Amino acid sequence: MHLKSKKLILYFTTIIFFLVLLLLGDRNGVYATQNIKDKGMGWKFVELYRLHREVLSNNLEPKWLFQSLNENEKTAKFVDLTKYLLYQADNRKYDYGITKSYQIYKDYQDNEFKSVNEETKGTIGWEFTKSWENNELRKYMNDDGIEYNSSTYIYSTVTKDRKSYIMHDKIGQGKGDKYYGFVHFYDTRQGYGWQHIDKFMEQGVNIKENEYNLYTESKIDVEVVDKVGLSIWEDYLKQVENIASTKNVELESYQTDCLVDMLYEGYTLKNVQQIITAFKNNGLDKSKIKAVCKEAFEGKRGDARWTLFEKGIYHTPLVGEELDPADYAGGGGEFLEVAEELWEYICGNADMFPKYGGANSGFPLKGPTVDCSAYVSWVLYNCGYSEFSWQHCTTWFIANADACASKYDWEIIKVSKGQDVSDILQAGDILVRDTGAGGGDGHMNIAVSVENGVLMAYDCGGASGWLTAKGEPIDTSNFLADSSKGGRAGVIIRGVKVLERREAGT
């Protein structure tokens, strides 16, 4: 029998085994597990699937399975549950269209699942742009209390289940480069034609096929369109960074986001060049900058753009709503996912890591000790940075910060002695502080969230932390200013990318 056929049979048999257990365990269709991480029937499925996860090496996406389950009345109600179990079993590498933090509760409800593309949550700049393209849709997609039928900008643009965008010929008409709020734009009557065909082709969708040229009828998966939009946004980001580098101008990340938003709306690279030159020559002189591209800073969006460029404040179209950079991973969600995976591995293997101390060997760590810099070094190694195949101490990170920035394109923010970093630290940042006297007992962690002066982080600064955390981030707010150690100086490392992902324990 062909190898692929054997894998399909094995894959399908595993699913059927799970469904049989599920149906036998609860004939009323209510899955009675309090939490998916409980060692119940659902977890047996996860363990079985992991034993045979090599089936994923062929990039097998089980759409056929979901379709088959949907076609059977008795199994249709378990589609979302199956997706969640696959998400858990696949070590959360692919979300299968569900939320990352969803817990299966006793009163299971189908409608609690929604399509979420984690990849688009990695940058506040992209969120800012989405808000100005279609803020009502953005809030609906974020499950922020807006009803589906409250606005034509929602119900004419996305399906109610949030899984597919609807082809639209009005929203953004005349601006063929907008990808949040409608699927794609095609209107030969006005000479626009197809937009970004190559971007959709990268996601396996040929938008030139007839099925996609049906206004208000054709649909494309949310995940596909979101990835296309983000890809376009990131292309513009690289162009802005290249212009700034060529002109030898240092821009803050929020200033770069401002200029990327301009390009996304349809302004030209020449406009961006003019603004960067004006900024280089005149600083934050609004009249001088506005003189070279007046339209970019007019109207509500223009005012918000200038506030962003001048002060780093991300305003959305809704009055009073301000996006918080702490809600978005500075290095991208994927880096934080690797950090979470290793943190959970350490927390879940207390017998392997019973003590605080430096790494006894290279990675992967086998215990019995781990400390703050051993953990961060391990995360970087599992993100594909081969030079971190052994532990690098906190003083090394501080001494080599600029070299790493040049080598890996990381952003380095210097932290002075006594400085409280509450207002600048973002999720996904690595915070490093020295003794202040050049000693070797500095400290570092990886920020998960910063809100109202509270820092939640993955922090191996003491065994009591990971032995009691149960895989959740811990409160390390005292490290924001590090008053307990006299306010040590250091650096914030931002923008770590995942080059080649390694799994925990391997």
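## Helix 9

Helices (H or I, at least four residues) and strands (E, at least two) are DSSP runs, numbered from the N terminus. The expected span of a helix is 1.5 Å times one less than its number of residues. Helix 9 (residues 253-265) has 13 residues and should therefore span 18 Å, in agreement with the 19 Å between its end C-alpha atoms.

This is a predicted model, in which local features need pLDDT of at least 70 and side-chain atom pairs count only at pLDDT 80 or more, while totals for chains, interfaces and linings use all residues. Residues are numbered from 1 along each chain as its sequence is written, and side-chain values use heavy atoms, without hydrogens and water.

## Aromatic pairs

Rings of Phe, Tyr and Trp (its six-membered ring) pair if their centres lie within 6.5 Å; planes under 30 degrees apart count as stacked, over 60 as edge-to-face and the rest as tilted. The count is 20 aromatic pairs. Phenylalanine 297 and tryptophan 306 are edge-to-face, because their planes stand at 90°, with the centres 5.7 Å apart. Both phenylalanine 297 and tryptophan 306 are buried.

Phenylalanine 388 and tryptophan 396 also form an edge-to-face pair, at 5.5 Å centre to centre and 85° between the planes. Phenylalanine 388 is buried at 0% relative accessible area, whereas tryptophan 396 is partly exposed at 23%.

Notes. Buried < 20%, exposed > 50% of the residue type's maximum accessible area, 1.4 Å probe, protein only.
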